[in-house]
Amino acid sequence: TVGKPIQCKAAIAWEANKPLEVTTVVVDPPQAGEVRIKIVATALCHTDAYTLDGLDPEGLFPCILGHEAAGVVESVGPGVTSVAPGDHVIPCYQAYCGDCMFCKHPKSNLCTSVRAFTGKGVMKADEKPRFHTLDGKPLYHFMGTSTFSEYTVVHEVSVAKIDKAAPLDKVCLLGCGVSTGWGAVYNTAQVQPGTSVAVFGLGAVGLAVIEAAKRAGASRIFAVDINPEKFEAAKQWGATDCVNPKDYDKPIQQVLVEQSPSGWGIDYTFECIGNVEVMRAALECAHRGWGESVVIGVAAAGKEIATRPFQLVTGRVWKGTAFGGYKSRVQVPDLVELYQRGETKLDDYITHTLPFDEINKAFELLHGGQCLRCVLTF
Ligand code: NAD
Ligand code: AHE
Ligand code: ZN
C-alpha cells in the first residue's frame, strides 16, 4: 500500500538571515529505502544557526532545517527492513549503510551512501525533496534530516532505532552536539588517563568534550571562552582551569603553553567554536612532540586555517571530526543506553524548552550566550 501525503506544521527557512515561517507543509510518503518519522522533540544546534545565517557553502533555500531530534516512525517505504512503524528513532545526519568503503573502515564514519543527495537537499530515489508548500513549491531537505517539521522523510541509512523507554525530549540531543563532543574525545583523540586537555568554546559541544575528557581520566582540563559566564558550567562539568583570552595581552596559545603541566603544551586540544584563528591557537598550544588538536567547529564559507609547518614538523597533529567519529546507526543506540544507565550529564545540557511554534525565539536564545540547548516539542 502506498502512503498518503501528510499536511503538518513545519518551520520554513525561506532565505538566509530571515526568521523561519511556522506554517503548514505537505510531506510526501516515503519512497523505496525511506522512512517517514513523526518528530516528537527537536533541539537547535549552532550549525542550524550557521546555515540560516548564510555561512554554509552547502546551504540551500527554501529549506527545512534541523538535525538534532528524536521521534517515532510513522511509515516506511518499500524495501525498508531495519525499522517499522511505531519504532522510536533518532535521525542521523551522518548516515551509516554498513556497506561502503567508509562504513567498512574502522577509522571512519563518513558513509557515502546518500551524502551527495543530502548535500543537495533531495532524496536519493528520485533526486527530489519530499517537502512542499500547500501550493506545491518544493522545499529542500537539510543534512538529510530536516527535523524542524512535525513529520520528515529520511533515508533508512540515516535512522537509528533506539529503546522505546528512552525519553525522546532528552535523547534528541544525542543526534548531534553532545555525541560529537563525547566522540571527539573517545574516538578521534582517544584521550588517555593522566593527560592534559584544552577545550576552546564552552557551548554544548565544548562541555561534552569536558564531560568525556573527565570520564577518560584527563588530570587537567583547561576550559577556554571569551564569555566568563561559561566558566561555572565548565567547572561543574569537570574543568580544572578556566581561561579567558581577554584577560591576557599575549596570544592564548602562549598562555596555555606556559600554564600547561609540562611547560611544553597540552596533550589534546579541541576547537568547539568554528573560528579559524582559534583553530590555529588550539593547534599551536598542543604539546611539542605529540600533542593532538581536533577541529570540531564548523567555519564559514571561504575561511581557511593556517599555521607554520614547523608546528607539525615538531610533532603536533591536526585532526577533525564529524559526529565524533561515531558510526551512527550502530552506536547511537549505545549512547542512549549509556544515558539510561544514568552515566551522563545529558539532561544538564537542556537549559531551555519551548513549544515548536516559538522556534524563532529559540534561535535568539542560541545566539544569546545563556543557552546550551533549547528543546522544542510539537
Ligand atoms: P555554541 O555557540 O553554543 O558555543 C560556542 C562557544 O564559543 C560559546 O560559548 C562562545 O562564547 C565561545 N566563543 C566564541 N568565540 C570565541 C573565541 N574567540 N574564543 C573562545 N571562545 C569563543 O556552539 P555549539 O552548539 O557548542 O557548537 C560549537 C561548534 O561546533 C559550532 O561551530 C558547530 O557548528 C560545531 N559542530 C560541529 C559538529 C561536528 O560534527 N564537527 C557537530 C556539532 C556542532
Ligand atoms: N556543509 C558545510 C560543512 C558543515 C559541516 O562540516 N558539518 C559537520 C556537521 S555539523 C553538525 O552540527 C559534518 O559532519 N560535516 C561532514 C559532512 O559530511 O557534512 C560545508 O563546508 O560544506
Ligand atoms: Zn549539530
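Ligand 1 has 31 residues around it in this predicted model. His46, Gly201, Gly203, Val205 and Gly274 come nearest. The shell is made up of 17 nonpolar, 12 polar and two charged residues. Three helices, α1, α5 (177-189) and α6 (204-215), each supply at least two of its residues. The shell also draws on both domains: domain 1 (6-175 + 345-377) and domain 2 (181-321) each give at least three residues.

Those two domains are the next thing to look at. The protein is divided into domain 1, built from 6-175 + 345-377, and domain 2, covering 181-321. Their C-alpha centres lie 29 Å apart. Where the domains touch, 11 residues of domain 1 are in contact with 10 residues of domain 2. On the domain 1 side, α1 gives the most, with three residues. That side divides into five nonpolar, three polar and three charged residues.

Now turn to helix α12, residues 359-368. Its buried residues are Ile359, Ala362, Phe363 and Leu366.

What do the buried residues of α12 pack against? Their partners are the strands β1 (6-12), β2 (21-27), β16 (350-355) and β17 (373-377), along with helix α1 (46-52). Helix α1 also supplies at least two residues of the shell around ligand 1. After α12 comes Gly369, whose phi is positive, near 100°.

Note on methods: Residues numbered from 1 in each chain as written. Chains lettered and ligands numbered in written order. Predicted model: local features only at pLDDT ≥ 70, side-chain atom pairs only at ≥ 80, totals over all residues. Buried ≥ 20, exposed ≤ 12 C-beta atoms within 10 Å, placed from the backbone. Helix = DSSP H or I, 4+ residues; strand = E, 2+ residues; numbered from the N terminus. Contact = placed C-beta atoms within 7 Å. Near = placed C-beta within 6 Å. Nonpolar A, V, L, I, M, F, W, Y, C, P; charged D, E, K, R; others polar. Domains from an automatic or database assignment.
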